[in-house]
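The tour below moves from the whole chain to single residues.

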Amino acid sequence: MKLIPSFSVDHTRIIPGIYESRIDTLGDEIVTTFDIRMKTPNAEPAIAPAAMHTIEHIIATYLRNDPEWKDKLIYWGPMGCLTGCYIIVKGRPAAEDMYPVMLEAFRHLAEYEGEVPGAQPVNCGNYLMHDLPMAKWEAARYVEYLTNADKDLIFTYPKTEKLKLDNDQEFFDS
């Protein structure tokens, strides 16, 4: 099988940031997927599943209620590797355009008080698996990182000359 593009990015060089992952056309519409990378892959502990579940619930709720983004949002959810999330939006905003909304969404989570939205048996398939304190900690850490990060490094995947894929194909990263 052909390796999918997100597995073709050199994960030994990714740092936390906001990256354009792919652009797709659905009929006449363009949708853009962004990699909201919160952890350095394979170099620091991944986000605990219960914290990630809470991150998903609170930020999805925030984005779907945000006046500017609620009609642009197609999907918000965790990466299987638990090092970040994907957001899929209508149109073709640049990664830099996603910075303010991601910063505000994670600030919202870092300061969140109350019950996790949708964390009831009628709303969620695993309603007991939440960890609000840890989700808030991860969010605060990411906000601090984004605020202080070198903006020249956090919006474009690191470049590499050539990757050897597991099916012996070569992938040239542009």
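Colour the chain by secondary structure: along the sequence, the elements of the protein follow the pattern β-β-α-β-β-α-α-β-β. This comes to three helices and six strands, where helices (H or I, at least four residues) and strands (E, at least two) are DSSP runs numbered from the N terminus. The model is predicted, so that local features need pLDDT of at least 70 and side-chain atom pairs count only at pLDDT 80 or more, while totals for chains, interfaces and linings use all residues. Residues are numbered from 1 along each chain as its sequence is written, and side-chain values use heavy atoms, with hydrogens and water left out.

**The whole chain**

Select all C-alpha atoms; they fill a box of roughly 50 × 40 × 35 Å, taken along the principal axes. Of the 174 residues, 42% are buried (buried means under 20% relative accessible area, exposed over 50%, and partly exposed in between, with a 1.4 Å probe and protein chains only). Among contacts with a separation of 6 or more, 66% join residues 24 or more positions apart; contact means heavy atoms within 4.5 Å.

**Helices α1 and α3**

Next, select residues 49-65 (α1) and 132-148 (α3). How do two packed helices come to be described? Axes are lines fitted to C-alpha atoms, for helices over the stretch in contact, and angles run from 0 to 180 degrees between N-to-C directions; under 35 degrees counts as roughly parallel, over 145 as roughly antiparallel, 65 to 115 as roughly perpendicular and the rest as oblique.

Show side chains for A51, T54, I55 and I58 in α1, which meet L132, M134, A135 and E138 in α3. The residues of this contact divide into six nonpolar, one polar and one charged (Ala, Val, Leu, Ile, Met, Phe, Trp, Tyr, Cys and Pro count as nonpolar, Asp, Glu, Lys and Arg as charged, and the others, Gly among them, as polar).

Remaining in α3, select V143. V143 is buried, at 11% relative accessible area. Leaving aside neighbours within four places in sequence, V143 is in contact with L103, F106 and R107.

**The cysteines**

How many disulfides does the structure hold? There are zero, a disulfide being a pair of cysteine sulfur atoms within 2.5 Å. Select C85: its sulfur is 9.7 Å from the closest cysteine sulfur, in C81, and therefore too far for a bond. C85 is buried, with a relative accessible area of 0%. The sulfur of C124 is 15 Å from the closest cysteine sulfur, in C85, again too far for a bond; C124 is also buried, at 10%.

**Loops and a strand**

Select N42 in the loop between β2 and α1. N42 is not a glycine, yet has a positive phi of about 60 degrees. N42 is exposed, at 76% relative accessibility. L82, in the loop between β3 (73-78) and β4 (84-90), likewise has a positive phi of about 60 degrees.

Finally, select E29 in strand β2 (residues 29-37). E29 is partly exposed, at 48% relative accessibility. E29 and I15 are 14 residues apart in sequence and 30 Å apart in space, C-alpha to C-alpha.
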